Amino acid sequence: MPLNIVSLVSVGRHPQSGRARRAEQDSRAVELGLKLADTALTVLHVGNPDDPILRQYAGMGLPSLTVLKQEDSVDAVPVLQRFLEQKNIDIVLTGVRAESGESSGMVPYLLAHALGWPVVARVADIVAVKDGKAEVLLALPRGQRRAVSIQLPFIASMDHAAEAARQSAFAVGLRATVESVESVGEVDQIRVDWQESVAKIRPKRLKTVKAKTAAERFKAATAKPEGGTGKVMKNETPKEKARAIFDLLLEEKVIR
Amino acid sequence: MVIDWLPSVLITTLLVLAVVGGVRRANLWRAGQPEKVNIVAGLLALPRRYLQDLHHVVERDKYMSRSHVATAGGFVLSMILVILVHVFGVSSQLLAGALLVSLVLMFVGALFIAKRRLHPPSRLSKGPWMRLPKSLLMFSLTFFVLTLPMADILPEGTGSWLLTLVLSIGIVLSLSEMLFGMTWGGPMKHAFAGALHLAFHRRPERFGGGRSTGLKPAVLGGDVHGVAKPSDFKWNQLLGFDACVQCGKCEAMCPAFAAGQPLNPKKLIQDMVVGLAGGTDANYAGSPYPAGKGDAKVLGNAKGGIDNVITAGLIDADTLWSCTTCRACVEECPMMIEHVDAIVDMRRFLTMEKGKTPNKGAEILENIIATDNPNGYAPASRTHWAADQNLPLMKQKQTAEVLFWVSDGAFDMRSQRILRAFVALMKAANVDVAILGDEELDCGDVARRLGDDATFQQLATRNLATLGKYKFSKIVTTDPHAYHCLRNEYGDFDVDGVLSKGGSGQGVEVLHHTTFLNQLVQQGLLKLSAFKGGKVTYHDPCYLGRYNGEYEAPRALLESLGIEIAEMERSAFRSRCCGGGGGAPITDIPGERRIADMRMEDITQTGAELVAVGCQQCTAMLEGVVEPRPVVKDIAEILLGQLIEEVH
Amino acid sequence: MTTSSSAIVRRDPRKEWIARNRLHPLHHEVISEGLGHVIGPSGLPRKNPHQIGFIGPNGIKRIDRLKGNGAAVSQPHQAKSSDTVLPLHTVTAPDFYIFVVPDLVGGRLSVHDKDILGLAHALQADMEGKGAVVAVCFGDTKEEHFDLAGVDRLIQRTSDEFDGFSPEARAAALTQMEETWAPKHWLFPDSVHGGTDLASRLAASLGERPASQAWQVTPEKVVCRGAGGSLDIARQTPRIVMVLEECGNAIDETRHQVLPLEMPAFHEHTPRILDRGQVAVDPNEIPLAEAEFILSAGNGIHNWPQFHQTAEALGATEGASRVAVDDGFMPRFRQVGASGTWVTARVYMAVGISGAIQHMQGIGQCDKIIAINTDAGCDMVKRANLSVIDDSDLVLSELMLLAQAYASEHGNQQGSKKQENSDAA
């Protein structure tokens with residue numbers, strides 16, 4: 001039986017230009033969805049069906065997209081919940097965090113809670129689905145992986161370590177049909193009270209020295225900053241040089 | 001001749017067969033997409049195009065041009081006279097005499113062609129092409145003997161049954177090659193298709209010394225974007241493929257072929273012919289595509305048909321992505337075939353329909369779409385390089401004499417040195433200059449060569465809208481790629497006449513910085529001291545030279561410094577590409593060697609210590625060659641080093 | 001000697017006075033105190049040179065030639081400040097709780113965790129009443145200094161359900177705690193180590209709207225990043241807050257009680273997500289951008305099999321310079337630099353790479369750079385923390401021997417390593 005997979009997509013935002021784009025993680029969700037279900041994949045968006053960014057997702061090879069037509073100010077979760085409940089869905093794929101709006105990353109959790117499904121975060125790959133269970137690889141920092149198995153249906157959010165989205169073909173996106181579905185939604189009331197401003201640059205924490213005496217403060221103020229030129233070994237034997245390198249590797253704990 | 005009527009019957013039969021073949025062939029071409037061509041004007045212009053433009057290209061190889069003039073001229077003349085004398089039976093001693101003379105002319109030409117075929121260079125195709133000189137000789141000999149009685153040199157009715165048989169066989173064999181083969185796919189097809197190709201060429205501007213190098217815009221929103229199947233080409237492009245003589249001049253010049261990347265322009269065109277006529281490439285008798293780093297290709301496996309997707313079985317996508325769009329093949333082609341147009345057409349299909357731009361291509365295109373520069377830098381940092389340059393922005397000035405188009409070199413630290421050098425020179429000459437600053441976008445060159453014409457068209461339209469806001473009479477750029485786009489390709493989208501009319505209504509002049517600097521030097525606005533370095537050579541950037549015909553200004557500038565350029569063997573219109581064009585460094589198709597390394601060898605062979613360049617892409621590619629190697633500098637940088645600053 | 005284990009130095013003004021006064025009859029005795037005035041076997045007085053002087057503050061032996069006439073430095077300060085006992089912060093009968101759920105990467109409090117514990121105290125101090133900071137720990141911990149990190153109360157859940165990757169059980173346990181203690185705030189590290197995941201699960205199950213990516217937290221207001229980090233959202237502080245790194249100052253001046261809070265028995269729970277353990281990842285499978293330790297090859301490598309073996313022996317991910325890729329020795333996706341991959345490795349070892357500007361750009365975010373090169377003047381050596389000027393062949397072969405020796409020595413410890421890794425998640 002073919003899998004019934006839904007990838008949720010949102011309008012992303014390029015970190016450098018601030019321009020709308022297909023979101024990095026959401027497009028990975030589409031990529032994984034295409035891998036699992038090919039074109040039977042349902043790609044779902046809540047928002048404006050005329051958004052040109054949807055064409056960028058469609059360009060990945062989707063014959064059609066489903067859009068639950070809503071205003072920007074509407075809370076997407078109940079809308080999605082009502083839609084997903086009607087269908088017999090196996091897996092819902094999302095990004096970890098949206099690139100626009102609140103970016104709280106709560107959508108998969110709230111949906112899972114509302115639907116009563118398990119949720120896993122930071123998925124790198126879904127290796128196999130059988131007997132109502134999926135074998136999933138989770139991304140850990142520094143390229144490490146954890147294997148878990150999860151009961152269907154479930155919600156998974158995609159990590160950056162998942163396979164990158166395929167190229168979006170202009171013409172394919174142009175031809176895709178967007179099925180706009182009318183839906184009922186409530187305005188997100190809590191958010192109305194928030195003040196939003198352009199992100200300030202966060203100060204980097206300085207290495208503060210807690211100095212209690214004048215001498216210590218003086219020492220801290222005049223200390224040579226760390227770094228500068230590194231150590232250069234020229235005339236030692238190769239053995240000594242290798243030892244020095246190896247010691248540094250041990251010190252940095254990269255030798256396992 | 002014992003049976004008088006036999007030759008004329010044979011000739012007529014073969015003529016009729018040739019006409020049938022011609023109609024059939026024309027129908028193959030007509031499977032292509034419609035394209036408006038002025039048929040009558042084209043046919044009228046044909047002799048001139050053939051005798052002048054085509055001959056101009058062939059003339060580069062004196063031996064071949066003379067042999068060809070003799071053979072082809074002799075054949076055309078002979079054929080007309082043969083029809084008159086032997087078919088219509090016009091009995092005139094004069095005509096017969098003329099026929100004999102033209103046959104002798106043809107015979108001599110064919111002898112030279114046969115001589116070249118004794119030890120043919122590897123670029124020439126073998127197979128049926130080895131037969132052609134023999135057929136030519138046979139034709140001229142047969143008809144010579146056949147005509148002798150008519151010229152009253154031999155009495156009527158001379159000969160025996162044996163001679164009749166021999167001559168009849170000669171007529172059948174030679175005319176099969178010359179007439180039947182001409183329209184049914186033999187080597188002589190080049191004459192028939194070639195003539196029509198010249199008449200109905202897609203870029204008639206190229207004739208009469210003109211230049212037409214800008215790519216044709218892709219039609220967006222149709223059933224197919226770019227070329228998927230041979231039938232998606234314009235009909236006259238298909239005709240152009242058929243015109244190929246397989247001389248291999250393109251193959252000899254192609255940098256990708258020399259680097260062992262899987263591209264051979266000649267084979268590509270022949271594969272297009274396979275595509276339009278159907279069948280396999282089993283009969284191809286030239287050099288195959290180099291194997292690159294993969295397995296060598298076996299001929300006969302590539303299958304094509306007019307409605308088969310080209311990249312599914314006829315040619316590999318890697319072949320298309322190997323091209324640097326340097327136009328060396330187009331420049332060299334005696335038949336004026338447009339290889340680059342065809343390659344980009346097929347790339348458009350791969351990118352816009354398939355989403356299969358290889359390697360970094362997809363990422364670069366996505367960056368261009370989201371940030372208007374290929375490497376995804378913040379658009380707001382575009383002017384950071386000029387923080388200390390005190391360059392006015394168009395936004396503030398609204399009007400300036402010169403608009404300096406900075407290009408994406410603004411983001412690259414090496415290119416910024418070139419930009420600064422050029423700015424310093426303009427300041428020294430007191431040029432009224434301004435830049436667009438962050439309003440400038442990528443010119444779209446990379447997107448277009450990678451086949452994403454949708455993105456190119458968007459960038460062009462947006463750039464034109466920005467340009468339309470300001471008044472200036474010149475656009476100057478240090479980037480030949482941007483220069484080419486602005487000068488030759490933006491016109492198709494310039495509905496408001498921003499460039500053609502300009503703010504002043506006079507039209508805007510788009511100049512490369514070497515041209516502009518040369519004007520300044522000529523006007524005495526730049527005081528330069530003599531250059532006292534070692535030997536200097538100059539590398540012609542493809543997009544400046546072949547695309548825009550600017551070979552002189554850079555050389556004049558170097559000469560104004562007292563430099564005697566140690567020219568490379570391949571320079572000016574034969575300059576070898578650095579490997580940086582057409583998105584080739586992005587698609588990065590593996591070969592046996594790197595194009596930039598080969599170009600650096602060309603440079604070192606001159607013994608030069610410094611190579612002058614007029615393009616930041618060339619600078620980057622050539623500087624990427626492992627040291628020791630000659631120093632690479634943009635002409636602006638060299639000039640700045642010799643600038644005598646006046647103290648006010 | 002007068003050394004005492006206590007760091008409090010007691011001065012003896014009388015002795016100091018005698019030491020200063022060379023004419024005092026007891027001067028000699030006081031000065032030579034502790035120097036062991038010994039009469040040798042020959043009857044001559046002997047000085048034991050090892051007992052002269054004292055260990056200075058920087059660990060180097062000092063001899064006081066002023067004979068104590070300088071400042072009171074003669075008092076040996078051997079007691080280290082680590083022994084100083086910080087004042088104990090006690091909370092009895094707290095008015096409210098602030099719960100912190102640290103990541104405990106590798107079973108220990110991370111810097112991020114400690115910052116958040118500090119932040120919890122700062123919040124507590126600004127609020128009415130007296131609060132206690134509670135740390136919730138799952139599984140076995142190796143942390144020994146909860147007291148110094150600011151943990152007033154500790155909840156430790158160590159049953160089997162919480163071992164390894166068990167987000168559902170942990171979230172259920174947190175929900176249960178909410179029912180028991182109703183903390184004023186829940187603070188989580190907003191991290192990939194599980195903090196975000198757990199916070200989101202708790203928030204969803206409690207129906208609370210959490211603040212994520214918070215970077216300014218006061219009792220009234222939080223400022224959070226939104227829209228992919230491009231927006232600051234200021235809002236009322238909700239009960240559940242996920243805090244970014246470096247947003248609070250770790251506790252360093254007080255000790256805390258670390259009193260255990262007893263939890264009622266855990267509700268029966270059937271997990272729908274089963275942990276199958278961490279997967280062994282070949283270092284060369286790790287994407288270059290994520291790799292922690294990269295061994296990178298350039299034009300100076302001639303023995304490629306040796307390079308690959310070394311990378312394998314060291315467990316390093318392989319990288320390459322553009323030239324090495326162009327020459328076909330390495331695949332294109334291994335290229336490091338502006339036109340290849342921008343790497344973030346903690347240790348980047350460049351073998352035979354002189355360091356073109358594009359390459360240096362690509363390794364800008366690396367912590368420690370090690371260069372092996374024959375040219376001492378190249379840019380890579382200038383940037384490197386440790387440079388070895390030698391033929392790469394020799395150094396790599398020595399390195400390989402060291403790595404192999406280390407591996408055979410530590411091979412028996414692999415089992416315990418695995419354990420640590422699973423805790424790390």
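**A walk through chains A, B and C**

R327(B) counts as buried, because it has 24 C-beta neighbours inside 10 Å and the cut-off for buried is 20 or more. Hi everyone, I wanted to open with that residue. Please keep in mind as we go that this is a predicted model.

So where does R327(B) sit? Look in the loop between helix 12 (317–321) and helix 13 (328–332) of chain B. Its backbone is worth a glance too: R327(B) is not a glycine, yet it has a positive phi of about 65°.

Chain B has another residue of this kind. Q398(B) also has a positive phi, about 65°, and is not a glycine either. You'll find Q398(B) in the loop between helix 16 (394–397) and strand 3 (402–405) of chain B. Is Q398(B) buried or partly exposed? Here the count is 13 other C-beta atoms within 10 Å, so Q398(B) is partly exposed.

One more loop residue in chain B, and then we'll zoom out. K126(B) belongs to the loop between helix 4 (93–116) and helix 5 (128–147) of chain B. With 15 C-beta neighbours inside 10 Å, K126(B) comes out as partly exposed. Leaving aside residues up to four places away in sequence, K126(B) touches P120(B) and A285(B). As for I635(B), it is 509 residues from K126(B) along the chain, and the C-alpha atoms of the two are separated by 45 Å.

Now for chain B as a whole. Its secondary structure comes to 26 helices and nine strands. If you'd like dimensions, the C-alpha trace of chain B spans about 100 × 55 × 50 Å along its principal axes. Of the 648 residues in chain B, 53% are buried. And if you take the contacts in chain B with a separation of 6 or more, 78% of them are between residues 24 or more positions apart.

Let's move over to chain A and a pair of helices. In general, two packed helices are described by the angle between their axes and the distance between the axes. For helix 3 (residues 76–86) and helix 4 (residues 107–115) of chain A, the axes come within 10 Å and cross at roughly 45°. That angle makes helix 3 of chain A oblique to helix 4 of chain A. The crossing of these helices in chain A is right-handed.

Which residues meet there? From helix 3 of chain A we have A76(A), V77(A), L80(A), Q81(A), L84(A) and E85(A), and they meet V107(A), L110(A), L111(A), A114(A) and L115(A) in helix 4 of chain A. By class, the residues of this helix contact are nine nonpolar, one polar and one charged.

While we're in chain A, take a look at a proline. The peptide bond from L152(A) to P153(A) is cis, with omega near -10°. P153(A) lies in the loop between strand 9 (145–151) and strand 10 (154–158) of chain A.

Last stop, the contact of chain C with chain B. Six residues of chain C and six residues of chain B take part. On the chain C side, helix 8 (residues 322–326) gives the most, with three residues. That side of chain C has two nonpolar, one polar and three charged residues.

Key:
Residues numbered from 1 in each chain as written. Chains lettered and ligands numbered in written order. Predicted model: local features only at pLDDT ≥ 70, side-chain atom pairs only at ≥ 80, totals over all residues. Helix = DSSP H or I, 4+ residues; strand = E, 2+ residues; numbered from the N terminus. Buried ≥ 20, exposed ≤ 12 C-beta atoms within 10 Å, placed from the backbone. Contact = placed C-beta atoms within 7 Å. Axes fitted to C-alpha atoms, helices over the stretch in contact; angles between N-to-C directions. Parallel < 35°, antiparallel > 145°, perpendicular 65-115°, else oblique. Left-handed = near helix turned anticlockwise from the far one by under 90°. Nonpolar A, V, L, I, M, F, W, Y, C, P; charged D, E, K, R; others polar.
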